Amino acid sequence: MNHDRSRDLYDRALSVLSGGVNSSVRASMPYPFFVERGDGAHVVDADGNRYVDYVMGYGPLLFGHDLPEPVTAAVQGHASQGPMYGAPTEVEVDLAEFVARHVPSVEMLRFVNSGTEATVSAVRLARGYTGRDKIVVMQGGYHGAQESTLVEAEGDYSTHPSTPGIPESFAEHTVAVPFNDETAVREVFAEHGGEIAAVLTEPILGNTGIVHPVDGFHETLRQLCDEHGSLLVFDEVITGFRVGGLQCAQGELGVTPDVTTFGKIIGGGFPVGAVGGRAELLEGFTPAGGVFQSGTFSGHPVTMAAGYETLKYAAEHDVYGHVNALGERLRSGIQDVCEEQAPEYTVVGTDSMFKTVFTREAPETFEGHCEAGCTQRESCPRYDVCPKNGADVNAAATDRWERVFWQEMKERGVWLTANQFESQFVSYAHTEEDVERTLEAYKEAL
Ligand code: PLP
């Protein structure tokens, strides 16, 4: 493949954009390819190379790059009437009503502009509501570029900032436990119960893994939060409207959080975030309550229209049936390839999310695939070697992913996320043919 034009564009970008990119994960070795356009499930780069795309904008693109006609019409219609007003519009009520009808824990919402803004607002809301400062997060969880959660844990689950630029004192309020470690959560509640405003967790780790909850883990979080007067916040920025269809991961897992954060798919491919939950809690935000929250672009009509038409289309067509079936075909196909060629690697994922983690230990037997969409069950043949938390994923051969495998896949026309930690996504535009081609590429690249 020729990448001359991408290399030239990257040279230009390096002079005027910090690190040559506008989001650090977009940088890849030796330089990222620059996208010229999307086409269904594919992207075409500036040199005319075509790739089957499983990055899908890092999750928002449920339909791939060609939006269904009603979504396109709504976006164009709203854009042509003037982009935004700084006043409410009907379509934001439509989208809020739709979400409240489908997501078990949500009665009321506040729309914002990114997943990060949603988690920042949710943490502020929880602190304001409870009058407490501490939040509990999961090691290996990700909640955007926000000060309260960019932390690294020490042995006793206390934390320090994971990046320069965040005061050490901020991290005093954040406790980070390993995902799936019930004992650790119980210890933290025993010590700090009365100080904990919220437990903030992805229902399924989607930025380090994918890692599923073991049976009972979220139920324990729910119970401890109830006992101690803390809020349970599910960050469904990735899983929202991808895992469990329109009811989201919380519906599938059968655990009801107090507050949920959304992003990605809820905006139909446009910048978005949202905080949802019980009305009594959501009314804590100004102007109904006292917790300040505001945003020039929040509830942007074009985004609201894209989100509403996207979710309506998904409700009226077999979108989840299609993406989940192809996700399952990919997971089981990749697992077959691994069984032959790299038995130590573990295929993870659920619904339309998948990932191969370069774990280092092979299971004793390959009999039986892992259960798609499982909460981790001991009956699963791969239970012992499957990552249970962020540390297990970090202990995998993560550098081999970007240095070798990702490059090999890219040169075969299959675009995965450049780092080992983030999930891959299937869209409604992907076809059986894309999947077969991807499995061939896996075979060769592994
Ligand atoms: N929360 C989760 C679970 C995410 O995966 C992300 C982004 O990938 C965020 C929050 C932050 O969202 P955004 O990048 O829109 O700010």
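Here is a walk through the structure, from its overall build down to single residues.

First, the ground rules. This is a predicted model, so to speak of local features we need pLDDT of at least 70, and side-chain atom pairs count only at pLDDT 80 or more, while totals for chains, interfaces and linings use all residues. Residue numbers start from 1 along each chain as its sequence is written.

Let's start with the whole thing. The protein has 14 helices and 16 strands; these are DSSP runs numbered from the N terminus, H or I over at least four residues for helices and E over at least two for strands. The C-alpha atoms fill a box of roughly 60 × 55 × 45 Å along the principal axes.

How much of the protein is buried? Of the 446 residues, 50% are. A residue counts as buried if 20 or more other C-beta atoms lie within 10 Å of its own, as exposed if 12 or fewer do, and as partly exposed in between, with the C-beta atoms placed from the backbone. As for contacts, two residues make one when their C-beta atoms, again placed from the backbone, lie within 7 Å. Among the contacts with a separation of 6 or more, 72% link residues 24 or more positions apart.

Domain 1 covers 4-66 + 319-445 and domain 2 covers 69-316, with bounds that come from an automatic or database domain assignment. Taken over C-alpha atoms, their centres are 25 Å apart. Domain 1 puts 28 residues into the contact and domain 2 puts in 30. On the domain 1 side, α11, β13 (346-350), β14 and α12 (390-394) each supply at least two residues. That side divides into 13 nonpolar, 10 polar and 5 charged residues. Here Ala, Val, Leu, Ile, Met, Phe, Trp, Tyr, Cys and Pro count as nonpolar, Asp, Glu, Lys and Arg as charged, and the others, Gly among them, as polar.

Next, the inside. The largest nonpolar core has 122 residues, and A126, V177, A198, L231, V233 and A274 touch the most other members. Helix α11 (residues 319-341) gives the most to this core, with 8 residues. A nonpolar core, by the way, is a set of buried Ala, Val, Leu, Ile, Met, Phe, Trp, Tyr and Cys residues joined through C-beta atoms within 7 Å. Take V233 from that group: leaving aside neighbours within four places in sequence, V233 contacts A122, A126, A198, V199, L200, P257, D258, V259 and T261.

Over in strand β14 (residues 353-357) sits F354. Why does F354 count as buried? Because there are 28 C-beta neighbours inside 10 Å. Beyond four places in sequence, F354 touches G327, L330, R331, V347, G349 and Q424. The C-alpha atoms of F354 and R331 are 6.4 Å apart, although the two are 23 residues apart along the chain.

One residue comes with a label. An unreviewed UniProt entry annotates K264 as "modified residue: N6-(pyridoxal phosphate)lysine"; UniProt positions follow the numbering used here, feature names are shortened, and annotations may be inferred rather than shown by experiment. K264 is in the loop between β11 (259-263) and β12 (273-277). K264 is buried, with 26 other C-beta atoms within 10 Å. Not counting residues up to four places away, K264 touches G59, P60, G115, V237, I238 and G240.

Most residues other than glycine have a negative phi, and most peptide bonds are trans. A cis bond joins M29 and P30, with omega about -10 degrees, and P30 is in the loop between α1 (4-16) and β1 (35-39). The bond from T286 to P287 is also cis, with omega near 10 degrees; P287 is in the loop between α9 (279-282) and α10 (301-316). As for positive phi, N180 has a value near 70 degrees. N180 is in the loop between β8 (174-178) and α6 (182-192) and is buried, with 25 other C-beta atoms within 10 Å. C248 has a phi near 70 degrees too. C248 is in helix α8 (residues 248-253) and is buried, with 28 other C-beta atoms within 10 Å.
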